[in-house]
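Hi,

Here is the structure I promised to pass on. Have a look, and my notes follow below.

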Amino acid sequence: MSTTVSRNSSSAAFHRSIDFKRVLIRIAKLKHVAQSLLTAVSLPLRAAENPSAALPPPASITVDFTRDIQPIFAHSCFKCHGPEKQKAGLRLDDHASALRGGDNHSPAIVPGKGSESPLLRIVAGLDPDLVMPPSNKGERLTSDQIALLRAWIDQGAIGSKEDASSRSESHWAFTPVNQPPIPGTTPFVVQPVNAIDKFIHQKLQAAGLTPSGEADRVTLARRLWLIMLGIPPTAEEVRDFVTDPRPDAYARLVDKVLSDPSYGERWGRHWLDVVRFAESNGFETNRERTSAWRFRDYIIAALNADKPYDRFVREQIVGDALGVDVATGFLVSGPVDIVGSPDPVLTAQQRADELDDIVSTTGTAFLGLTLGCARCHTHKFDPISQKEYYAMTAVFSGVKHGEHPLPLPPDQAMQVARLDDTLAHLEKQLAKFKLPADPASRVATGRPSLRPAVNPIKNEEILSPINARYIRFTILGANQSEPCIDELEVWVGERNVALATNGTRVTVSGTLPGYEIHKIEHINDGKPGNDRSWISNEAGRGWIQFELPRSERIDRIVWGRDRLGRFSDRLVTQYRFEAAEQPGQWTVIASSEDREPFLKKPAKPHPYRFELFSNAEAEQGRMWFAELGRVEKEREVAAKTPTTYSGTFKQPGATYRLHRGDPMQKRETVSPGTLALFRAVELSSDEPEQRRRQQLADWITNPANPLTARVLVNRIWQHHFGVGLVATPNDFGRNGARPTNPELLDWLASEFVTQGWSIKKLQRQILLSATWRQSSLPRPDALKIDGTCRLLWRFPPRRIEAEGIRDSILFASGSLDSSRGGPSFFLHNVDRENVYHYHPKEDFAPAEFRRMVYAFKVRMEQDGIFGAFDCPDGSLVAPRRTVSTTPLQALNLFNSRFTLDQAERFANRLRYEAGTVSGAQIRRAWQITFSREPSPQEALDSGAFVAREGLTALCRALLNSNEFLFIP
């Protein structure tokens with residue numbers, strides 16, 4: 001517009017007229033441009049609304065992939081999406097890969113639905129920003145070619161005969177578990193004891209090998225104790241077995257070991273490795289999780305009780321629905337970055353990493369699948385699409401790291417109930433000292449003071465008695481989020497007429513979805529506490545209305561957020577109560593207007609005004625009030641609920657497929673579900689959070705699932721023989737190892753399910769087999785054929801793990817504290833600042849002489865002595881420990897203060913048990929460490945050594961010997 005200042009009004013009017021015309025011309029031009037744009041994009045817009053309208057109709061012929069489709073792909077697509085290069089993760093030369101799609105679209109082809117298949121829409125140019133093939137890579141597809149592609153997809157997108165053949169030969173781990181026939185007896189001197197031996201002998205015979213004979217009884221006892229319990233047997237236990245003449249002596253010994261409580265401590269450690277358990281957060285802060293030990297104790301107790309494995313799995317995924325809240329510690333056993341940031345990118349990445357940890361560990365622990373490989377793209381080896389990965393992510397998207405309150409133990413709950421009765425009696429006596437809720441009543445009685453502010457435990461509205469059939473509680477404000485009410489009571493004298501059992505009907509404004517413990521029926525079920533409460537679906541708002549069976553003369557209303565005192569969030573701070581005898585004729589009977597303002601620190605819940613009464617009455621009231629305070633404190637201690645680091649759960653929002661795993665590149669929404677490789681479960685996007693996990697647990701533990709039993713059986717076999725039938729216990733996919741004895745694996749998996757998913761029954765079969773009882777002596781002829789002993793022609797000896805070494809040293813010295821469970825002990829000194837620092841201890845007291853499974857497991861830090869023996873630190877899952885031999889191991893085991901101290905304690909034990917005679921001390925030392933008598937030469941050499949170096953030096957040497965450290 002003109003910037004000239006007009007000298008008269010006519011000149012100004014002229015300029016304004018010129019400017020207005022210019023505006024009109026510009027508007028006309030914009031309309032023309034807009035109309036052109038609308039015309040230009042009308043086809044793509046119509047295509048988005050109705051894809052079929054913009055696509056060529058499908059060809060009318062029966063399409064053959066090899067004849068009609070493969071040439072199109074080869075000519076126009078393979079350059080970028082073939083065997084040499086797969087841009088955007090899309091590969092079209094392989095039929096299965098083509099169906100799965102790539103990074104941008106998964107799936108790219110929807111069999112039977114050509115118009116809905118992203119691949120067809122892209123080659124047809126319906127998305128102007130993504131047209132294939134690009135102009136610089138070749139000519140666009142013709143209408144006839146697109147019609148052929150559409151017809152091929154509509155007809156099922158069937159590949160070539162070769163593709164169909166390869167699909168029928170599915171990967172072994174994805175095929176159903178069918179119990180194979182047990183092989184016949186082989187012509188070996190060592191005869192099979194059970195079916196396990198027959199499968200093993202069949203493979204040995206095929207390889208030209210023979211099994212070894214049975215180990216001697218001392219060796220069997222030591223092997224049994226070290227593998228099953230992680231400590232050596234006592235000399236007396238070995239002697240009893242060696243001299244037991246009964247034919248079932250060994251079977252009795254196996255049963256004894258399986259029932260020993262040390263069993264759970266030993267095998268619990270194996271499972272804790274699999275689920276990456278540790279008791280600190282990791283990352284730079286690495287703070288402690290002081291209640292995580294409860295999950296460890298749960299694992300140990302579950303294994304000792306031989307909890308059926310399918311139940312064991314279900315509890316770890318959805319234990320909060322099964323009354324085993326501590327078990328969901330599995331979900332959050334991994335590391336978590338607790339450092340907050342205003343950067344939304346970092347925050348989104350942290351959350352994506354948390355969920356990936358849960359999904360990946362679930363896949364490896366229970367299914368033996370590397371699900372994490374599909375986070376950024378469709379799995380390169382296994383039939384797992386990126387979309388399926390995010391369907392699994394949606395299952396867990398309501399899970400977050402954090403502590404979870406546990407229910408009160410029964411005896412503690414009974415104590416709380418007794419104290420509640422006492423409190424109720426005292427409150428009844430003190431009732432006359434309370435201020436009425438009705439302001440007019442207070443003025444009339446000379447008590448105009450404000451009532452105290454609301455508190456989360458218990459609030460009372462003392463009313464002037466009023467007839468009412470309808471009572472409405474309108475919530476006008478809360479201290480945080482959607483308000484919560486655990487119980488709302490309406491009293492007539494000594495009767496709570498609001499109880500559902502009295503026939504009272506309740507309606508509410510709305511309920512927060514997805515939580516079984518927060519429902520409308522919990523408002524008046526007579527069971528207080530957060531775990532049976534109602535939460536509104538509006539932040540700071542909501543209403544509850546009671547309809548009594550008949551009109552009642554009510555005189556008191558009691559309500560709270562959490563009567564058990566565990567939670568103070570979601571507290572109603574502003575409200576009003578109304579009553580009516582007829583619908584709609586409401587009268588306000590109480591409100592928050594006459595209460596003191598709510599502060600962040602909740603007010604004390606017992607406001608009494610003794611000064612308004614006579615001296616005698618006031619003195620009596622104060623005595624009652626003092627007693628009330630004492631009982632309240634006692635109740636507070638009694639009602640203190642234990643907590644466990646087992647996660648928190650909340651109804652999640654939408655889950656998106658993330659392009660290349662980038663949380664800032666969201667693609668289409670994905671509903672919760674399972675993998676398609678076995679009876680896929682697909683859930684709605686608004687499925688309640690807990691039910692998502694329930695459905696996944698059902699899918700994993702379905703007896704027909706081809707992976708669950710196989711994976712667990714293989715893990716058990718691995719810890720008995722050092723390596724599994726499948727050498728890659730966390731990868732049963734195409735990139736993992738094939739089983740050395742697939743028939744035996746399937747027979748064991750089938751038996752495992754048939755026998756009720758009992759781990760101990762499975763182990764008993766293995767332990768009683770002739771295969772497990774073989775001698776471990778090497779044979780040169782067999783070593784040439786099977787040097788790694790994968791076919792099990794002998795029992796493969798191996799060094800025991802770090803925990804077993806430490807526990808066995810404590811056992812030998814007589815220092816082992818056998819107390820079980822409870823909070824962990826520390827092998828580190830801790831600097832508890834904003835960032836926690838852990839310094840390995842060098843000196844140890846009896847408080848640290850418990851079994852190592854009870855040591856506080858620090859992430860990213862190792863114990864200064866036994867961490868060198870290949871201990872995982874909980875940062876990643878550890879399905880199988882590496883076995884290294886390093887100078888540091890020898891130095892730690894020989895020169896550490898721990899070993900020196902335990903050697904001295906061992907020597908003192910020998911002096912106490914064997915007296916002062918060197919020969920008796922040496923004999924006892926051999927019995928304790930090796931479960932046998934010393935040979936004459938060993939006794940002679942040891943006597944000379946003791947005379948020269950002392951008894952403690954001999955003890956130190958024995959604790960470092962291979963015979964002590966190895967499973968024979």
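Tyr309 and Phe312 sit three residues apart in helix α15 (residues 309-318), so about one helical turn separates them. (Helices here are DSSP runs of H or I with at least four residues, strands are runs of E with at least two, and both are numbered from the N terminus.) Tyr309 is buried at 1% relative accessibility, and Phe312 is buried too, at 2%; buried means under 20% relative accessible area, exposed over 50% and partly exposed in between, with a 1.4 Å probe and protein chains only.

Before I go on: this is a predicted model, where local features need pLDDT of at least 70 and side-chain atom pairs count only at pLDDT 80 or more, while totals for chains, interfaces and linings use all residues. Residues are numbered from 1 along each chain as its sequence is written, and side-chain values use heavy atoms, leaving out hydrogens and water.

Back to the rings. There are 33 aromatic pairs in the structure. Tyr309 and Phe312 make a tilted one, 6.2 Å centre to centre with 45° between the planes. For the cut-offs, rings of Phe, Tyr and Trp (its six-membered ring) pair if their centres lie within 6.5 Å; planes under 30 degrees apart are stacked, over 60 edge-to-face, and the rest tilted. Both residues also belong to one aromatic cluster whose members include Trp271, Phe295 and Trp757.

Trp559 and Tyr575 form an edge-to-face pair, at 5.2 Å and 70°. Trp559 is in strand β9 (residues 542-560) and Tyr575 in strand β10 (residues 572-580), so this pair ties together parts 16 residues apart in sequence. Trp559 and Tyr575 are both buried.

Some rings have a charge over them (NZ of Lys or CZ of Arg within 6 Å of the ring centre and within 35 degrees of the ring normal). Arg223 lies over the face of Phe795, 3.8 Å from the ring centre, and the charged end of Arg956 sits over Phe894 at 3.9 Å.

What about Pro465: where is its place? Pro465 is in strand β3 (residues 459-478) and is partly exposed, with a relative accessible area of 47%. Beyond its neighbours within four places in sequence, Pro465 is in contact (heavy atoms within 4.5 Å) with Arg553, Ile554 and Asp555. Its C-alpha atom is 32 Å from that of Asp569, 104 residues apart along the chain.

Cheers
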